[in-house]
Amino acid sequence: MDEEAARYTSSASFDAEIYEATVCVNAAHIKMLEKQGLISKTSAEKAVSALKQLLQTRQTPPPTTEDIHIYLEQLLAQKAPEAAEMLALGKSRNDAVVAAVKIEARRRVYKVAEELLGAVEALVMKSREHAATVFPVYTHLQRAAPATFGFLLQSYAIRLLRCCNTLLNNLEACEESPLGSAAVAGTSAPVDREYIAQLLGFKRISWNALDATASREFLLLLLSPLHAIALVISSFAEEMVLYSSEEFGLIQIPEELAATSSIMPQKRNPVVAEIMRTKTAEVLGLLATVSGILSRQPSGYNLDLQQVTPKFWQALREVSESLHMLKKHVEMIEVNKERAMEACAPPTAAVELANHLTLKHGIGFRKAHQIAAKISRSIAEKTLTQTRLDTIFQEHGLKPIYTVGEVLNIMDPVATVQRYTAKGSANPSMVSENVDRLFKIVEEERNRVEMERRFLEDCLQRLLS
């Protein structure tokens, strides 16, 4: 092949990502050939030993090498020629590469899940610390109601746990072995597909060789929750940037995660959070790239498909690193409690005044809402006197109901959050109750990840033992 064309089409530069998994796939195939009586036990043992050595030495293929599969076959031919001669019997690069990608995808998704659960655990621990720390929550970026900082952090923990569950569930497509599908239509060679699947930790075999060798939708199924995780991270990062600004002043990002200006020494720029914010767009770009490459592909393997997996590995790295930085932010962040309390002061809890008018005095909520709105404006404009308050009630055909002091007490932020009774509210007692529930879910998911990860790793370890 023309040298420039060979370099241009080679996947050698990024096949290092599936080097170990490809070695394992070859070892499993050789053991299957021996089981089926197609090569001798001596040749099989020699070949597996050689593959294990290749895994330990891990040589980098030349840039003109077509791919890792050809390269490993060439290396194996030098050490175990009889087995290498039979390596492609009933096995194509088409089914081998999908198997290797699925194995490596499972291993890396488990690592991302572990990183995610670590971030969730940090969020829950911090939420327990700040279960009763009054903190404003917003809609339309306008102060909406008093809540607590622990309540805010728990919302992110729940969002990430939901993404984690989807990510792990979508790994199901990676538990299906394509091996034995050969290039496109199966093989006449007497391969034992179930045996190879068992050796490599797959839980079942594919139903259709054409689908098994050329479909890559399983990567989109994993990229989608990765993008959702990045979305949650970006939302958290945005709040870190906003709330740490002098205009909000609600939190302080630690110096370790900030940088100063090149010429303005008074500044503490939230640079880590700003980079975290970008990951949604970056992962979305990778997802869109993969989707674009996979679109309008005729059935059967096309070399376009080799360009997909590097984008997937990159998305995993971006998300994993960002989850790690999110955890650091959570562990080190400080709340400006005085400023947060000030932000929740009247009239922030105006809806509680409307509720009180309805529930205690039987006033229809829409009228109560209008009364609370006028009172809130007067508080904001610092014009609320007893005379003004009485006038507001009289304008709505009511006798004066409250004193100014009573109105302010009703809208007191500490009292407000304590009055929340609906399940899922920002009441500190409910936030505290959710801590144990969330820790239990984290433990269950950790056990799930560890069990699946250990199962796969034990299979691969036994394979090369």
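Predicted model: local features only at pLDDT ≥ 70, side-chain atom pairs only at ≥ 80, totals over all residues.
1. I68, H69, Y71, L72, L75 and L76 are its buried residues. They cover an arc of only 160° around the axis, so they sit on the same side of α4. As a reminder, an α-helix has 3.6 residues a turn, so residues three or four places apart point the same way.

2. What do the buried residues of α4 pack against? Their partners are α2 (19–35), α3 (41–57), α5 (81–85) and α6 (93–129).

3. Next, the hairpin. Strands β1 (residues 134–139) and β2 (residues 142–148) pair in the antiparallel sense over six bridges, and P136 has P146 in β2 as its bridge partner. Two residues lie between the strands, and H140 takes a positive phi near 55°.

4. The largest nonpolar core has 120 residues, of which I30, L200, L226, I229 and F312 touch the most other members. Helix α6 supplies the largest share of this core, 19 residues.

5. I229 is worth a click in your viewer. Apart from neighbours within four places in sequence, I229 is in contact with L116, L160, C163, L167, V319 and L323. A second, separate core has 20 residues, including I363, I375, Y402 and M411.

Definitions and conventions. Residues numbered from 1 in each chain as written. Heavy atoms only, no water. Buried < 20%, exposed > 50% of the residue type's maximum accessible area, 1.4 Å probe, protein only. Helix = DSSP H or I, 4+ residues; strand = E, 2+ residues; numbered from the N terminus. Arc of directions from axis to C-beta. Contact = heavy atoms within 4.5 Å. Pairing = 2+ DSSP bridges. Core = buried A, V, L, I, M, F, W, Y, C linked by side-chain atoms within 4.5 Å.
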